[in-house]
Amino acid sequence: MKIKVFLFGILWAWEVQAQNIKGRIMYLNAPVSKAIVQIQGSKKQAITDSTGYFEMMFSGTYCQLSVHYPGFLPYTQKLVLSKDSFLTIELKPDTSYLYEVWVEDTKLLATKKPDPFNTEVYDACILHSASAVSLFEGVQNINGLRPQLNCNICNTGDIHINGMEGPYTNVLIDGMPVIGGIASVYGLTGIASDIIERMEINRYPGSVVYGSDNIGGTINIITKTPTSSKFKTDVQFYTSSYFDNNLDISFQKKIRNYGFINSFNLMYFDKRTDSNQDNFTDVTLQKRFSGFHKSRWTFKDSSIVQCIVRGLIEDRWGGQLNWNKHFRGSDSIYGESIITKRLESITHYSLYLGKHKIENALSYNYHYQDSYYGTLFFEAAQHNLYYQTYTDWYSKKSRYTLGLTFKYLYYKDNTEVFKNTTPYSEWLVPGIFSENTFTLSEKLKLLLSFRYDYHNIHKHIWTPRIAGIFSNPSKTFTWRNGVTTGFRPVQLFTEDHAALTGARKVILQEKLKPEKSMAIYFILLCKRMF
């Protein structure tokens, strides 16, 4: 009998032994300080420090954890404790009380991330305020960004950041590259504003995190996330005196841990105008259809699986007013006709190795172009695959990120350059990057980063970065400064749609090297309340 009681006591003590629960509370990759973390039904609670870190002990196997912070939705999660746990919890802002919004026409709807790199976050309202139907049209209201049309006949366009040419601007969707090479010529107008929730913009090189094509700056498009348990439908129609009709239809729903968004955009503009009477179209005629689908699964361990698919078909032309499809490629009546087909897919998913959460992301995009510039036929296809995996770990005053990347690009066109040799048609670019943030004090943070890529043509490429931020506790004074670098392998025959249409002879006299840039910035922000 004594032996049975003794064994029962051992098993009972083993069952109720204390488990160590620790983690970090975040919002937009920034720590949330002084959030209240507690276990429901008990008096156990903790308050996060300046880095968002918390830690507490709990005796038991099952518990329900809750997090509360003013301005954010309450967070709850059921835990099954078999060993010490480390959680990374992302809070969501509570916007239910915002029945009235005051908007001043002299200010932008923008905020800054509390990071040393000066990332600006713009709400999608800035696109709607300009009646913009696409990303290309909407960014004209953002300081330092300028959409520019490069051809009066076919209306190719790109986005300049701080005066640098469009190919130096890197465009991402949910942190993954979708625009590059030939896609940067005709791919921007097809990104409908209806799928955008916000935009994160950097006006400096940022190759450490985002890889190549970050010479001038980065536009990271964050797509909408399904939040409503009710079936929600949104229909928008826009037209003008030119009869450039644009129709957006979207619907979304969230069912338990699964949510989806479907969005369709139709742009139809077929009215020929010639105000200056030169017998050429003043505005390029366009017919475009794009479809967008996003699925999102959330799990109890706070991991997320997300899949995005976007397709686009576009037919545009410009030229003499009496041109029609029968004259495509002929020399009797001049016209420029471009047919574009695009497919984009992005997948995000999480894996756990012990306590470490490993984020994985894979993107693939295909771009096909069938074009006639007068009698010149230009046909090109591009495949772009990008994979990235990284993990974070924390100490009390530091955050460390380590990641691996791989990029594959294949490009082929019908020009003379690619008929006999393909030295620049295929890229294989593995890479490794590390970003470390040190919280030296409540006022001072330091960021040290580096990236190494091996390009099968350009070989070794290094891109380091260092930055710091100093701010007082009330955030009325903020000082940012740093040195950052970027690189971009040369895509000689895809940067300008007319590169080979003129009387030019292209001669490569030496081995091409990747383009590199370096920026040094000093930013002082003062806010004073009277």
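**Note on strands, rings and a surface patch**

1. Strand 21 and strand 22 (residues 335-353) run antiparallel and are joined by 14 bridges. In this pairing, Ile-308 stands opposite Ile-346 of strand 22. Bear in mind that the model is predicted.

2. Strand 21 (residues 304-319) also pairs with strand 20 (residues 285-298). These two run antiparallel, again with 14 bridges. Lys-287 faces Asp-315 of strand 21 across the pairing.

3. Aromatic pairs number 16. One of them is Tyr-204 with Tyr-521, a stacked pair with 4.5 Å from centre to centre and 15° between the planes. The partners are 317 residues apart, so look in two places: Tyr-204 sits in the loop between strand 15 (196-202) and helix 5 (207-210), Tyr-521 in strand 31. Tyr-204 counts as buried because its relative accessibility is 15%, under the 20% limit. Tyr-521 is buried too, at 4%.

4. Phe-280 and Tyr-334 make a tilted pair, because their planes meet at 40°, with ring centres 6.4 Å apart. Phe-280 lies in the loop between strand 19 (258-269) and strand 20, and Tyr-334 in the loop between strand 21 and strand 22, so the pair ties together parts 54 residues apart in sequence. Phe-280 is partly exposed at 26% relative accessibility. Tyr-334 is partly exposed at 31%.

5. One aromatic cluster consists of Phe-231, Phe-251, Phe-264 and Phe-289.

6. A nonpolar surface patch covers about 820 Å². Its residues include Leu-440, Trp-479 and Phe-470. Strand 31 (residues 515-526) gives the most to this patch, with 4 residues. Phe-470 belongs to strand 29 (residues 465-471) and is partly exposed, at 34% relative accessibility.

Methods. Residues numbered from 1 in each chain as written. Predicted model: local features only at pLDDT ≥ 70, side-chain atom pairs only at ≥ 80, totals over all residues. Heavy atoms only, no water. Patch = residues over 30% accessible without salt bridge, like charges linked within 9 Å, V, L, I, M, F, W, Y side chains within 5 Å. Areas by Shrake-Rupley, 256 points an atom, 1.4 Å probe, with all protein chains shown as cover. Salt bridge = Lys/Arg side-chain N within 4 Å of Asp/Glu carboxyl O. Buried < 20%, exposed > 50% of the residue type's maximum accessible area, 1.4 Å probe, protein only. Pairing = 2+ DSSP bridges. Phe/Tyr/Trp six-rings, centres within 6.5 Å; stacked < 30°, edge-to-face > 60°.
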